[in-house]
Amino acid sequence: MAMTGFTATDHAHMARALRLAERGAYTTKPNPMVGCVIAHGDEVVGEGWHERAGEPHAEVHALRAAGERARGATAYVTLEPCAHTGRTGPCSQALIAGGVARVVAAMRDPFPQVDGAGFAQLQAAGIAVSSGLMEAQARALNRGFLSRVERGRPWLRVKLATSIDGRSALASGESKWISGEASRLDVQRWRARAGAIVTGAGTVLADDPSLTVRLGDDTPFVAPLRVVLDPGLATVARGRVREGDAPTLYLHAPDAKPPRGLDAQHAAVSLREGRFDLGAVLRLLAERGVNEIQLEAGATLAGAFLAEGLVDEVLLYVAPVLLGGDARPLFDGLQIEAMTQKLALDIVESRRIGEDVRLLLRPGTKS
């Protein structure tokens, strides 16, 4: 399979396919986001993206738009066409039936039922197949899906708001509102991407969050699962986290006894030294089809995930305010006593959001 020799036209069409794929960010979960462009040279004759799980894939939308013009064309797709029948038919067969002469994919699909089989079917039908064009961008787009398939756990994003002096809440626990209104609206868009929003019992008791998506317009989205880590099920009788249409799941200790008549979803997770086995929490959510987690919790739970190396990125809203030395830190329990132990974070993106600055950070390798 060819990996090199891509032209400027190839790059332009794949860039367009990646932009199309991203339109499904709020609706395709648990499926990956996929975009497809069908073209003769510079001329685009059809395009599409995977809009919602269970509905036609990107290639089918693009082929429908292209019609007979698909014959002899090149199909640019951000992920290897599927080769199996799930809720929809295999896209590899649709491309073959459509008569395309060449398929350019950004990356191979590691999902076990695909994983090279789509490419093999296309090549067996005499279609020229190339892969690897803009693969880094394609992997970044579907980092949650790839994390679940390749690592067996969702991509974990920690959302935090901080004062300039690095504090996430007052000593009393009060944290509404450190960040401004623009940042709080921005958070909704990140929530809409997530398959689950995870919090702890302490946050439910202190802040009574609803953990729902409120975009303020008619943009479609699939509501993320709300997950409360509550060892003793102390919060099941209360809270806005149970209200509305979004599903809620309580994760509890194996010996916790759910109250009689509890109608909420709940599941036991093993403990280690009296605390949740956080790796087991992530594996359980992966088994439920969660690609991305947004953790919205206090310093204790955020610190525990970070200390165990389970945080993939930090979404940090920095507000131009001071909360003072008695206020709570962003992460608790890291037990850093020497500069050689400091945890390095790489700044992936920095953006002004209203009066605040939004940083997207990922654990780095620098010390």
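Domain bounds, the start and end points I'll be using, come from an automatic or database domain assignment. Okay, with that said, hi everyone. What we're looking at is a predicted model, so please keep that in mind as I go through it.

Let's start with the overall layout. The protein is split into domain 1, residues 8–141, and domain 2, residues 152–363. If you take the centres of domain 1 and domain 2 over their C-alpha atoms, they sit 34 Å apart. The contact between them draws on 9 residues from domain 1 and 14 residues from domain 2.

So what does that contact look like? About 870 Å² of area is buried between domain 1 and domain 2, and carbon and sulfur atoms give 53% of that. On the domain 1 side, the residues that lose the most area to domain 2 are Tyr-26, Lys-29 and Pro-30, and together they make up 67% of what that side buries. Have a look for those three on the screen.

How many salt bridges are there between domain 1 and domain 2? The count is 0. Polar contacts are another story: across the interface of domain 1 and domain 2, the rule finds 5 residue pairs in polar contact, with both residues at pLDDT 80 or more.

Okay, on to the sites. UniProt, in an unreviewed entry, lists His-57, Cys-82 and Cys-91 under "binding site".

Let's zoom in on the two cysteines. Cys-82 is in the loop between strand S3 (74–77) and helix H3 (91–98). The relative accessible area of Cys-82 is 7%, and buried means under 20%, so Cys-82 is buried. Cys-91 lies in helix H3. With a relative accessibility of 1%, Cys-91 counts as buried as well. And what does Cys-91 touch, leaving aside its neighbours within four places in sequence? The answer is His-57, Glu-59, Pro-81 and Cys-82.

Now the other set. UniProt, again from an unreviewed entry, places "binding site" at Ala-161, Trp-177, Asp-207, Gly-298, Ala-299, Thr-300, Leu-301, Ala-302, Gly-303 and Ala-304. These span 144 residues in sequence, and the farthest two C-alpha atoms are 23.7 Å apart, so they do not all gather at one spot.

I picked out two residues from that list. Trp-177 is in the loop between strand S7 (167–169) and helix H7 (181–193). Is Trp-177 buried or exposed? Its relative accessible area is 55%, and the cut-off for exposed is over 50%, so Trp-177 is exposed. Ala-302, on the other hand, is in helix H10, which covers residues 299–307. Ala-302 has a relative accessible area of 1%, so it is buried. Leaving aside its neighbours within four places in sequence, Ala-302 is in contact with Val-158, Leu-295, Leu-330 and Phe-331.

Last topic: salt bridges. The structure holds 21 of them. One of these is between Arg-69 and Glu-43, where the closest N and O atoms are 3.2 Å apart. That pair links distant parts of the chain: Arg-69 is in the loop between helix H2 (58–66) and S3, while Glu-43 is in strand S2 (residues 43–49), and the two are 26 residues apart. Arg-69 counts as partly exposed at 41% relative accessibility, and Glu-43 is partly exposed too, with a relative accessible area of 40%.

Then there's Glu-349, which forms a salt bridge with Arg-351, the closest N and O atoms being 3.4 Å apart. Glu-349 is partly exposed at 26% relative accessible area, and Arg-351 is partly exposed at 42%.

One more to finish on. Which residues are linked in a network of salt bridges? They are Arg-143, Arg-157, Arg-193, Glu-292, Glu-313 and Arg-362.

How values were computed: Residues are numbered from 1 along each chain as its sequence is written. This is a predicted model: local features need pLDDT of at least 70, side-chain atom pairs count only at pLDDT 80 or more; totals for chains, interfaces and linings use all residues. Side-chain values use heavy atoms; hydrogens and water are left out. UniProt positions are given in the numbering used here, feature names are shortened, and annotations may be inferred rather than shown by experiment. Helices (H or I, at least four residues) and strands (E, at least two) are DSSP runs, numbered from the N terminus. Buried means under 20% relative accessible area, exposed over 50%, partly exposed in between (1.4 Å probe, protein chains only). Contact means heavy atoms within 4.5 Å. Buried area is the accessible area (1.4 Å probe) that two parts lose on being put together, summed over both. A salt bridge is a side-chain nitrogen of Lys or Arg within 4 Å of a carboxyl oxygen of Asp or Glu. A polar contact is a pair of N or O atoms within 3.5 Å; within protein, one must be able to donate a hydrogen and the other to accept it, and residues adjacent in sequence count only if both atoms are side-chain atoms.
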